[in-house]
Amino acid sequence: MSAPQPAAAGAGTSGLGGERADLLQTLDKHRGFLRFTVRDLTDEQAARRTTASALCLGGLIKHVAGTEAGWMRFVVGGADAMAAGPVDWEGQFRMAEGETLAGLLAGYEQVAAATDTLVASLPDLDLAHPLPAAPWFEPGAVWSARRVLLHLIAETAQHAGHADIIRESLDGARTMG
């Protein structure tokens with residue numbers, strides 16, 4: 001199997017150069033790995049747990065899209081904007097009744113396009129806000145838009161790896177190799 005090719009890679013990065021293009025293209029590469037991992041699956045397969053973890057492929061798509069959208073709200077409006085709306089911590093990792101893989105992927109594409117547009121329009125990647133109070137953040141820490149993008153790249157890559165394991169456990173298909 002050949003390595004995946006990201007769909008519409010860098011769609012929101014045309015005309016960008018330098019650091020922004022590098023960051024967005026790297027994020028889009030890992031989005032592409034995640035999307036490729038769920039290729040040709042039914043909704044039932046995307047919702048199935050195949051490992052000891054509670055994770056499923058559709059749930060990972062849902063989680064990564066929600067996480068990316070939340071961090072982009074943070075970039076624009078800080079911690080208060082990020083916290084807009086309740087988070088179903090357990091439900092974000094599984095497909096709910098009526099959700100489809102196609103719908104989750106379409107939502108993820110919308111989030112990705114919005115991120116690309118926002119990052120392209122930011123006056124400065126040094127734009128920064130204090131992080132929300134949470135046990136997993138250092139008290140008083142401040143993150144720039146650049147740091148948020150680096151975090152999203154790491155988060156997306158990590159979950160693409162989780163997805164690869166889940167997919168291989170499901171039907172033997174792998175993203176790479």
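Predicted model: local features only at pLDDT ≥ 70, side-chain atom pairs only at ≥ 80, totals over all residues.
In one of them, the ring centres of Trp 71 and Phe 137 are separated by 6.0 Å and the ring planes meet at 80°, so the arrangement is classed as edge-to-face, a term applied to planes over 60 degrees apart. This pair joins distant parts of the chain, since Trp 71 belongs to helix 3 (residues 57-82) while Phe 137 lies in the loop between strand 1 (128-130) and strand 2 (142-144), the two residues being 66 residues apart. Both partners fall under the 20% limit for burial: Trp 71 is buried, with a relative accessible area of 4%, and Phe 137 likewise counts as buried at 14% relative accessibility.

Phe 137 also pairs with Trp 136, the ring centres lying 6.3 Å apart with an angle of 65° between the planes, so that this pair too is edge-to-face. Trp 136, however, has a relative accessibility of 59% and therefore counts as exposed, the cut-off for that class being over 50%. Taken together, ring pairs connect Trp 71, Phe 74, Trp 136, Phe 137 and Trp 143 into a cluster.

Contacts between charged side chains and aromatic rings were also identified, one of which involves a member of this cluster, Trp 143. The charged end of Arg 147 is placed over the ring of Trp 143, at 4.1 Å from the ring centre. In a further contact, the charged end of Arg 39 sits over the ring of Phe 36, with a distance of 4.1 Å to the centre of that ring.

Definitions and conventions:
Residues numbered from 1 in each chain as written. Heavy atoms only, no water. Phe/Tyr/Trp six-rings, centres within 6.5 Å; stacked < 30°, edge-to-face > 60°. Helix = DSSP H or I, 4+ residues; strand = E, 2+ residues; numbered from the N terminus. Buried < 20%, exposed > 50% of the residue type's maximum accessible area, 1.4 Å probe, protein only. Lys NZ or Arg CZ within 6 Å of the ring centre and 35° of its normal.
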